[in-house]
Amino acid sequence: MVTPHAVQPASDDLARIAAGPRTLGIVGLGLIGGSVALAAVEAGLEVRAWDPDSQTRHSASDRGIEPRTSLADLVSSAPDVLLVAVPLRHMAQTMTHIAERINPHTTVTDVGSVKSRVREAVRAAGLDEQYVGAHPMAGTERSGFAAASSRILVGATWAVTLSGSTDPLRAANVTALITGALGGEVIMLNDSDHDRAAAMISHLPHVYAHSLTAHVAQSPIGQIARTLAAGSFRDGTRVARGDAARNAAMILDNRSALLQILDDSLAQLGTLRQSLAEQDEAAVHAYFAAGTAHGVRPTGGAAHMVSHADPAWRDQLLDLGRSGELVRGVRVNPLRGCIEYEACGVEAAEG
């Protein structure tokens with residue numbers, strides 16, 4: 001059982017927390033919610049779920065997921081962790097309904113792509129002290145439970161977001177779920193850093209993918225272009241083949257973070273255009289060189305252990321996250337009587 005910071009839990013309680021939740025509730029069985037559910041079932045967890053679509057609930061039952069007849073029924077079953085996987089536009093209403101029946105034992109997490117918006121909904125519902133934010137950087141252009149697969153999450157990096165009210169043991173339990181049953185790794189961030197990073201590496205690419213597909217569709221030689229298109233066009237426009245309404249909603253929800261990054265990107269493109277018009281070859285080469293200098297994700301490095309009992313645990317994990325360091329798991333330190341987050345340092349990659 002997850003307990004308040006003021007009471008030091010017994011060693012067997014710490015072991016249960018570090019092992020990850022035994023029961024997992026999931027609200028919404030779309031691509032990500034469904035994939036989490038399938039991975040958790042494969043890992044031996046008891047998974048209960050609710051989705052508003054009765055056919056989805058029936059399909060989930062065939063895959064080892066225990067369907068619940070209503071959101072209230074699911075929340076009242078008091079799972080160790082309740083993961084909310086609904087569209088951002090439904091998050092506030094969903095959190096309000098959850099708060100009406102939530103058990104103090106249950107930790108609430110989510111998979112929303114804009115953490116500041118989810119945090120607002122959580123705080124408005126009075127769930128902040130039971131909440132740990134999460135967002136997996138994984139998915140496909142497809143949607144719905146029919147597209148769900150446990151393989152989508154294998155090796156995925158999840159952002160786990162912390163605030164001043166985040167309980168370190170609840171955060172440890174969610175981290176254990178991600179790094180254990182779900183086969184992922186974690187970077188610890190605050191909501192603002194997450195949203196700015198997501199705007200840069202997810203939301204801006206969605207904008208340009210839709211821009212490129214629209215440009216081809218509206219061109220008088222668009223059919224020729226589509227016939228000639230190969231790997232670079234396919235890879236650059238993959239996300240535009242998904243749910244356009246969902247993509248637009250995601251962009252609108254993170255508009256404050258995206259606006260600055262979009263301005264910066266448009267300024268860079270404007271500079272490139274001017275360099276091309278002026279036939280400034282050196283400037284054009286510099287543009288492309290700048291885009292490859294840091295294109296390789298660094299790996300490896302020394303390990304860092306952060307104790308949940310350290311008053312500075314949150315700042316330490318956030319500092320590691322800002323350096324791009326990953327939490328690979330949590331463990332009990334029996335000598336110190338605490339849970340430790342195990343973070344892996346990074347080294348500069350060559351090239």
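Modeller: Start with Asp-110 and Lys-115. Their side chains form a salt bridge, with N to O at 2.6 Å. Keep in mind that this is a predicted model. Asp-110 has a relative accessible area of 0%, so this residue is buried. Lys-115 is buried as well, because its relative accessibility is also 0%. Both fall under the 20% cut-off for buried.

Next, take Glu-120 and Arg-117. This pair also makes a salt bridge, and its closest N and O atoms lie 4.0 Å apart. Both residues sit in helix 6, which spans residues 115-125. They are three residues apart there, so about one helical turn separates them. Arg-117 is partly exposed, at 31% relative accessible area.

Now turn to Arg-322 and Asp-193. Their side chains meet in a salt bridge at 3.3 Å, N to O. This pair links distant parts of the chain, 129 residues apart. Arg-322 belongs to helix 14 (residues 313-322), and Asp-193 to helix 8 (residues 191-218). Arg-322 counts as partly exposed, because its relative accessibility is 49%. Asp-193 has 19% and therefore counts as buried.

Terms used. Residues are numbered from 1 along each chain as its sequence is written. This is a predicted model: local features need pLDDT of at least 70, side-chain atom pairs count only at pLDDT 80 or more; totals for chains, interfaces and linings use all residues. Side-chain values use heavy atoms; hydrogens and water are left out. Buried means under 20% relative accessible area, exposed over 50%, partly exposed in between (1.4 Å probe, protein chains only). Helices (H or I, at least four residues) and strands (E, at least two) are DSSP runs, numbered from the N terminus.
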